[in-house]
Amino acid sequence: MLAMFQETHFKASSVPKCDRGYYTTWFHSPHPDKKAGGVSIAFHKTFHPTVLLSETDTGGRYIFLKLSEGQRIFTIANVYFPNQGQIPFASKILRKLARFADGSSIILGGDFNMAMDPAIDSSTGKSSISPASQYRFRRDLSSLRLVDLWRVLHPGVRDFSFHSLAHNSYARLDHLFVSHNLLDLDPHCSMDGFLWSDHSPVYGRLRTRPSLPLPLQTLSTPTRPTRPHLLLNGKH
């Protein structure tokens, strides 16, 4: 079981020690000098994969981990996209991710700050990102053979992971993309309500062994995550 957090707001000089409770192994990519951005990945105390390789940036925008679990090699990527210049950032991140994964199966989650298809993934039906740029992002995902797990399992359904109070609008900005070959692992993906943030948790599950599900979650919240263990128990 693992959880992915965005907007942790940790400074590099003051990352808290998070080794108690249900999630005892943590990986952080904090902002170097201010409480802004930041991403973290946490492993549940019962989850003990072998970590083969890791990579972070210096701006608190991504973490990549390469894991060995259940006789498979996975690359776990947690990202926090800026709210402007998403497509150039995406191209850079996906190139880095392709090199890091080096053929391993990918699980890519995070706050992408953009809807995949504004017509269905936004309450307004609009986006500040041009259709050509949206196509470019989908093409880059396809080149890595990554699929939108929630959309694959819920075709045509309108549901949202972000609520803008300022604009009274909703959008699906938080995503889990997985390698297409992982779709045979009894996948599950859902979204919850807005518990303590303007973003909803996104849950995912892949059954890496016949009796062992790998629950996943992406959480985008500027507040201290207090209840990830209640959300990542693999019981849906």
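Predicted model: local features only at pLDDT ≥ 70, side-chain atom pairs only at ≥ 80, totals over all residues.
Buried means under 20% relative accessible area, exposed means over 50%, and partly exposed lies in between (1.4 Å probe, protein chains only). Residues are numbered from 1 along each chain as its sequence is written, and side-chain values use heavy atoms, with hydrogens and water left out.

1. Salt bridges overall. Seven salt bridges are present in the structure. The term denotes a side-chain nitrogen of Lys or Arg within 4 Å of a carboxyl oxygen of Asp or Glu. Side chains of opposite charge can pair when their charged atoms come close.

2. The pair Asp121 and Arg151. These two side chains form a salt bridge with an N to O distance of 2.6 Å. The pair links distant parts of the chain, 30 residues apart: Asp121 belongs to helix α2 (residues 118-121) and Arg151 to helix α4 (residues 149-153). Helices (H or I, at least four residues) and strands (E, at least two) are DSSP runs, numbered from the N terminus. Are Asp121 and Arg151 buried or exposed? Both residues are buried.

3. The pair Arg205 and Asp186. A salt bridge joins these side chains at 3.2 Å, N to O. Here too distant parts of the chain are linked, 19 residues apart, with Arg205 in strand β13 (residues 202-209) and Asp186 in the loop between β11 (174-179) and β12 (188-191). Arg205 has a relative accessible area of 13% and is therefore buried, whereas Asp186, at 39% relative accessibility, counts as partly exposed.

4. A further partner of Asp186. Arg207 also forms a salt bridge with Asp186, and the closest N and O atoms are 3.3 Å apart. Arg207 lies in strand β13, 21 residues apart from Asp186 in the loop between β11 and β12. Because its relative accessibility is 26%, Arg207 counts as partly exposed.

5. A positive surface patch. Which residues form the positive surface patch? They are Lys92, Arg95, Arg99 and Arg136. Patches consist of residues with over 30% relative accessible area and no salt bridge, like charges being joined within 9 Å. Helix α1 (residues 86-101) supplies the largest share of the positive patch, three residues. Arg136 is located in helix α3 (residues 131-143) and, with a relative accessible area of 34%, is partly exposed.

Note on methods
Patch = residues over 30% accessible without salt bridge, like charges linked within 9 Å, V, L, I, M, F, W, Y side chains within 5 Å. Areas by Shrake-Rupley, 256 points an atom, 1.4 Å probe, with all protein chains shown as cover. Lys, Arg positive; Asp, Glu negative; His and termini not counted. Charge placed at Lys NZ, Arg CZ, Asp CG, Glu CD.
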